[in-house]
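Let's take a walk through a protein model together. Have a look at the sequence and the 3D view, and then read on.

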Amino acid sequence: MSIPSPLIDPADARATLRAGDRSYAYHRLDRAGAGDLGRLPYTVKVLLENALRHAASGSGLVSAEDVRALASWDPRQPAEYELPFMPARVILQDFTGVPCVVDLAAMRDAMAAMGGDPARINPLVPADLVIDHSVQVDQYGSAAAFLINVEREYERNGERYALLRWAQQAFDRFRVVPPGTGIVHQVNLEFLADVVTARADGEGHDETAFPDTLVGTDSHTTMINGLGVVGWGVGGIEAEAALLGQPLYQPMPVVVGFRLDGEMRSGATATDLVLYVTEMLRAHGVVGKFVEFHGRGLSNLGLADRATISNMSPEFGATATLFPIDEETLRYLRMTGRSADTVARVEAYAKEQGLFRTDESAEPLFSESLSLDLGEVEPSVAGPRRPQDRVPLTKLQDSFREVFAGGLQNHRLVDEASAESFPASDPPSFNATPPAEDRRMARPEEPAEHAPVEYEPVDVEVDGERFQLRSGSVVIAAITSCTNTSNPSVMVAAGLLARNAVGRGLTTPPWVKTSLAPGSRAVTDYLQGAGLMDPLEKLGFDLVGYGCTTCIGNSGPLAEPIGEAIEKNDLVGVAVLSGNRNFEGRIHPLARASYLASPPLVVAFALAGRVDIDLSSQPIGTGSDGNPVFLADLWPSAEEIADVVAEQVRSEIFTRNYASVFDGDDQWRSLPVPAGDRYAWDGSSTYVALPPFFEGLGATPPPLTDVADARVLAMLGDSVTTDHISPAGSIGRSSPAGEWLIGHGVEPRDFNSYGARRGHHEVMMRGTFANIRLRNALTPDAEGNVTEHLPSGERMSIFEAAERYAADGTPLIVLAGKEYGSGSSRDWAAKGPFLLGVRAVIAESYERIHRSNLVGMGILPLQYLAGENAASLGLTGRETFSIHGVADGLRPHQELTVTARGEDGRERQFRVVARLDGEIDVTYLSNGGVLQTVLRRLAAE
C-alpha cells in the first residue's frame, strides 16, 4: 500500500458498463494506479473514483497528481496532502439552507455591482432543500395537532418560504421539498439518494455512472453513509462553494475500521447499539477521521440500523461513517420504491468497481481498528447532557440521583466537574470512559454509598387536574428526529409497546408533554396500517408534524403552571427523546436533564412519568386490574416486531408518498412566487435581509494585516458547541435579538426561533453567544449572553460590548478550550462572530466543520501549542492581544507569535499554530472568505 503509484493518465480510465438493459460510461478504478485496490477501504475507493473522474474531465480543478497521491494512500501513515473533493450534489435543510439562498441572492447583487452577469451565480451541481426544521410543537395530544402546528408554521415563516419559492424558479438545479413532508436525512435516505448516479455529459455520449456523493448543510448528513453513500456535513459557506463548482479540500483520510460480529439479543434496539458505538468511538478519538464498518455482523444489521449509526457521526466526531454497498443495500432500495434500472445500475457498478461487500470480501487495511460483538449490547440511554454519555437502563436511577443528589440546589458532581474544567458546559459522563487527559476529573467507577434520594414534591394544577411534580419528572417525551424515526423496527416497537400498555389500562401522567414527529409520511402510513397509531394516540403521541421538532429545540412551550413550578422550585425537569442531541439548554430551557432513548423507551418513560426509576425491576405503573405492570410485560418480542415490519413496510408506501414530494399542499402552492433573477429585498422584513458580507468588494483583496491590541469578547472552556455560539432555539424577550424584534413591531409570541431567522443578519449577530447556558470566564458568576467590557469593567450583553468595541475601533478575539465549535454544522457560528468584529480565535482544538467555517468567513483560527492553554499560560482574558506575523504572508500550519499585555502592563509572549490546513485555506483567508474568493474568480472570468 505504501508503494508509490505509477504515473497515470486519467483519460485512459474511461470504459463502458452494462447494467440491465442499459449501458453507461464509467471510470475504472483499476486504472487509478492503486497498488492493492482490493484492500483499500471502500471510503478511499469512492474518494479515489471522484478524483479520477474529475481529473479526466480536464476542468483543471483536480489533477493527475491528486489521483496519484490518493492512490498511494498508506493506512499506517497517510501523507500530508490536501485532496480536492467535488460532490455530486448538495443537500440543505431550511435553517441552514435559507442563509445559503440569502448569500447566493446577495452574491448575484454583488456580481452585478462588479460589472458581471448575475446569472453566473447559479448552482453547478444539483441541490435539494428540505423544509423540516421550522415546525414547532405548539399543539400536542390531539387529533388536530398536526394541522394546527403546520398552520402556525406557515404563519411564522411565510417570508422565508417566499424566498425559497423564488429560489426554485430563479436557480437551475435547485429543488425544494415543502413543509409537512419529512426530515431532510430521512427523505434523502428513502428517496433522493440513488447510491450510483447516472448523469449525461451534454456531448451525446452514454450517461456516466459514478458513486453518489454529497455534502449537506447539516452535520447529520452522514446518515446517508448507511446506504453506502459517501457524504458529510459542511457549513453553509462550504456548501455554497460546492454549489458554485469550487472543490472542497480534505486532508488525506484516516480510516478507522469498526468490525461487527454476532447479532443483537432480544430486547436490544438499534438505538442501544448506536449509543454503544458513540461511546466507543468518542473514547477512541475519531474527530476528523472516517469510520468504516465491516465484518460478518453487518449481514445481521438492517439498513435502517446502519443509518441510525451513521446519523450519529457528529456525536462521536467522525467526518463520515460508511457501510459498504451489499445485498442489504439492494433490498432497501427495492423496498423504498427505487426503480429497477437504479437497482441494476447500483449492483452492476458496485461489483465491477470492487465496491460490493460480502461476508467473503477481503478485510480492508485500516489506519486504526475497533470491534464489537453485537450480543454485548444492552438497553441504554444517553444523558443527562451529552450524547456520548451512555447509561445502562439498569443504572439510570442511580445515575440521575447521583448527578442531581438534591435537585438543582445540590448538584455536587456537576459543580465540581465544572470547577475543574471551568468553564466547560458539559458535566462528566456517568458511564463513559473519558479521554486520558480528563480522567483526573472522573468519579470512581463504583458510586460511593449515599443515602437514598427523595425529591420534594410540588403541587401543580393544569386544566383542573392536580398532581405532584418532582425533580426527575419527565416533562417532555418526544418520538422525534431522523435518527430513529427512519427505522421501522424501533417505530413499530414503540407502537406495539403502546398497544400493550393501553391493553393493560395504563395512561400517561398529565405533566408529560408527548409528541410524535416522524421523518416521513411513510412512517405514519405503516403505523396506521398496523393499527398502531390508535394506541400511540391514546397515550398522547399524536402526530404533531413531519420535522425535527424537539430534537432541535422546537419542543414548544410547557404548560404555564408546570414551567412556573420548575422555575420557582428549582426542579430538574427531564426530557426523553429519540433524537441525537441533548446538549444543555438545547431541548427546552426548563429541561435541565435530557436523555436520548429508543422510541419504545420514550413511550415507557412517558408512562412512568419519571427517569429516577429502574425499569428493569420496578413497575412502570398500575394496570386497570390493580396489579403492577413492568416494562418486561409490555416489551414486544423481536419476532412480533419483525412480522409487523415485513407485513406493513412495503414499497408501495414509499412510492405513493414520494410521487409528489415536491408539490406540497394547498398552502405551499398558494404562496406567492417572486419573479426575476435577482431577489427583491424587503427592507421591512425581519426574516430576510441583504447581508453586508460583500459590501465594497473589489476585484483584488486588500493585504492581510497583523492584529493589534485586540480585546477578548468571550473566554470560553472545553466543548463549547455551535449551539452555544449561535443557538437555534427560542429568542428571549429581553435579549438583544428580542429587543430588536420588538423594536421592529414583532410580538414575543411571533419571535419564532434563532434557527428560523437565520436569513436576517441583524437578528443573528445579536443572537451570537446567546445560549442561556454559555459560561464566560470574564463573568464567572453568570450564565448566558453576558461579558465584561474592558477596560471599563462594565457588565453587558456580548452584542452590546461588541458595539462598544467597534465604535472604538478595537479588534476582538475569542479564547477557547478543547473541541471548540463541536456539534451541528452552523455557519452563523462563524458569521455572527465575524459581524461582531472577531478577527481570530485561539483554542486548544477545533471541531472540523467549525474550523473550516471560521476560515470561510475570514476569521483566523489559531491553536495553542501542544500542552499549552490559557490556564498554563496564565491568561485571564483581560489582557490586550497582538498577533504578529500575519502581514508577512501566511502558509498552512504556520507558527505565529501572540503578545498578551496584562492590566499591570506586563507582557508575555507565546506561540500559536495557524489552523490553515491547506493552501486553499490561505487563499480563502486572504480574500476575506470563501464566497469572496468565488465571486472574484467568477467576476474575473
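**Inside the model**

Sorted by class, the residues that line the second largest cavity are seven nonpolar, nine polar and four charged. Here Ala, Val, Leu, Ile, Met, Phe, Trp, Tyr, Cys and Pro count as nonpolar, Asp, Glu, Lys and Arg as charged, and the others, Gly among them, as polar. A cavity is a set of points, on a 1 Å grid over the protein atoms alone, where a 1.4 Å probe fits but cannot get out, and its lining residues have an atom within 4 Å of a point. The volume of this second largest cavity is about 180 Å³, where a volume is the space filled by probe spheres set on the points, with grid points joined across faces, edges and corners. Its lining is made of 20 residues, and those nearest its centre are His-133, Asp-218, Ile-552, Arg-586 and Ser-824.

A word on what you are viewing: this is a predicted model, in which local features need pLDDT of at least 70 and side-chain atom pairs count only at pLDDT 80 or more, while totals for chains, interfaces and linings use all residues. Residues are numbered from 1 along each chain as its sequence is written, and side-chain values use heavy atoms, leaving out hydrogens and water.

How many cavities of 30 Å³ or more does a search of the whole structure find? There are eight. The largest cavity holds about 250 Å³ of space. Among the 25 residues lining the largest cavity, Arg-282, Pro-314, Ser-822, Gly-823 and Glu-847 are the closest to its centre. Two helices, α9 (313-316) and α29 (848-856), each give at least two residues to this lining; helices (H or I, at least four residues) and strands (E, at least two) are DSSP runs, numbered from the N terminus.

Now turn to the strands. Five of them form an open sheet with parallel pairing, in the order β6-β5-β4-β9-β10; two strands pair if DSSP finds at least two bridges between them. β6 (174-177) and β10 (230-233) are at the edges with a single partner strand each, so one side of each has no neighbour in the sheet. Strand β9 (residues 213-216) runs parallel to β10 and is joined to it by four bridges. Gly-216 has Gly-233 in β10 as its bridge partner.

Finally, find Leu-741 in helix α25 (residues 736-743). Is Leu-741 buried or exposed? Leu-741 is buried, because its relative accessible area is 0%, and buried means under 20% (1.4 Å probe, protein chains only).

Technical notes:
On a 1 Å grid over the protein atoms alone, a cavity is a set of points where a 1.4 Å probe fits but cannot get out, and a pocket is an open set with protein on both sides within 12 Å along at least five of seven lines; lining residues have an atom within 4 Å of a point. Buried means under 20% relative accessible area, exposed over 50%, partly exposed in between (1.4 Å probe, protein chains only).
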